[in-house]
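Come along and look with me.

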Amino acid sequence: MKPDIYTQVGSIRLERPTMLASGILGISLDVFARLYQAGAGALVTKSLSKEPWEGYVNPTVIGVEAGYLNAVGLSNPGAPYFAKMISSNKTIPIIVSLVGSVEEDFTFMIKQFEDAKILGYELNLSCPHVEKVGLEVGDDPELVKKIVKSVKSKSKVPVIAKVGLGSSDYLDTVQAACEAGIDAITAINTLRAMAIDVETARPILSNKIGGLSGPAIKPIAVRCVYEISSKFNIPIIGCGGISDWKDAIEFIFAGSSAVQIGSVIGEKWIGVFSEINDGISKYMEKKRFSKISEMVGIAKRF
Ligand SMILES: Cc1cc2nc3c(=O)[nH]c(=O)nc-3n(C[C@H](O)[C@H](O)[C@H](O)COP(=O)(O)O)c2cc1C
């Protein structure tokens with residue numbers, strides 16, 4: 001019998017374990033529908049703020065060795081606009097990514113999505129290149145606790161915290177989120193990095209510093225998933241440099257119940273979802289696993 005590749009991230013059930021990572025094509029309902037048909041188990045939106053944000057001027061995304069460097073500046077149309085745009089959604093499993101500085105930002109945004117059909121929220125506590133949000137929030141466990149508690153008390157759907165590597169210990173952020181009742185953790189976001197043009201001596205990105213994604217960060221992301229899963233009893237979504245089914249399996253063995261796919265979409269386009277899903281299914285058949293949950297975290301046995 002062909003293995004079933006559904007997975008359970010806490011109370012969230014996904015028909016397939018591959019999700020679209022935030023910020024990668026996550027801006028319209030039509031695109032979400034296409035990606036869902038292409039095999040994505042869930043779609044995480046671009047991180048949304050209370051008001052529209054313009055983001056930085058170009059260049060904002062460049063290719064580097066084994067990945068990409070981006071400082072888009074979280075440009076987005078704002079939560080109220082986005083909530084209206086997805087109001088006709090009935091069937092697509094959308095996870096809304098939110099970014100803000102204080103509890104009130106999140107409370108305001110959640111109110112916008114009260115009537116929307118969404119699967120959950122992902123709180124971006126880890127964007128590495130915009131001031132006063134993202135990592136600056138994630139680096140402050142007390143603030144994380146406050147925000148998560150407040151969001152959890154108002155949200156009707158599960159809430160996920162997306163963590164990354166900032167200037168404090170990211171495991172303290174995970175602990176704060178867990179203590180405040182978070183439903184799952186996504187790990188990790190991009191890592192602070194930069195590139196300089198040797199002809200002009202200028203930093204290439206307009207913001208100078210950006211976030212590194214792609215294969216270069218995969219071993220770091222695997223390590224983080226493994227550490228979180230070793231220390232906490234919380235469902236994890238792995239993210240960072242996943243390019244094929246083997247990478248996805250590696251994250252599952254480290255402790256992820258699902259994985260997010262980002263930068264590789266720039267190379268393999270949206271066929272990558274079914275390619276990875278098929279690869280996972282064939283691997284499970286060959287190794288006689290009947291459910292994803294049988295594989296989650298088994299690297300911790302050794
Ligand atoms: C162009 C670009 C924009 C991104 N925007 C967001 C965002 O809005 N919110 C967020 O949480 N992560 C954002 N990310 C990070 C990705 O969701 C993901 O965590 C990261 O790229 C690592 O995965 P990957 O190596 O598969 O790309 C962005 C990444 C890229 C490359």
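Which residues line the largest cavity? I noted first that this is a predicted model. Then I looked up the lining and found Leu125, Leu135, Gly138, Asp139, Val163, Gly164, Gly166, Tyr170 and Thr173.

**Entry on the cavity.** I checked how many cavities of 30 Å³ or more the structure holds, and the count is 1. The volume of the largest cavity is about 30 Å³. I sorted its lining residues by class and got 4 nonpolar, 4 polar and 1 charged. Next I asked which helices each supply at least two residues of that lining. They include helix 4 (135-138) and helix 6 (170-179).

**Entry on the ligand's surroundings.** I turned to the pockets, and the largest pocket is the space that the ligand takes. I found 22 residues around the ligand, and the closest are Ser22, Ser47, Gly214, Gly241 and Ser263. By class, I wrote down 13 polar, 7 nonpolar and 2 charged residues for this shell.

Which atoms face the oxygen atoms of the ligand? For lysine 162, a polar side-chain atom is 2.8 Å from a ligand oxygen. For lysine 46, an N or O atom of the side chain lies 3.0 Å from an oxygen atom of the ligand. With glycine 262 the backbone takes part: one of its polar atoms there is 3.2 Å from an oxygen atom of the ligand. Last, I looked up the cover: on its own the ligand has 610 Å² of accessible area, and the protein covers 93% of that.

Key: Residues numbered from 1 in each chain as written. Predicted model: local features only at pLDDT ≥ 70, side-chain atom pairs only at ≥ 80, totals over all residues. Heavy atoms only, no water. Near = heavy atom within 4 Å. Polar contact = N/O pair within 3.5 Å; in protein donor to acceptor, adjacent residues only side chain to side chain. Areas by Shrake-Rupley, 256 points an atom, 1.4 Å probe, with all protein chains shown as cover. 1 Å grid on protein atoms, 1.4 Å probe; cavity = no way out; pocket = protein on both sides within 12 Å on 5 of 7 lines; lining within 4 Å. Sits in = over half its atoms within 2 Å of the grid points. Nonpolar A, V, L, I, M, F, W, Y, C, P; charged D, E, K, R; others polar. Points joined across faces, edges and corners; volume = space filled by probe spheres on them. Helix = DSSP H or I, 4+ residues; strand = E, 2+ residues; numbered from the N terminus.
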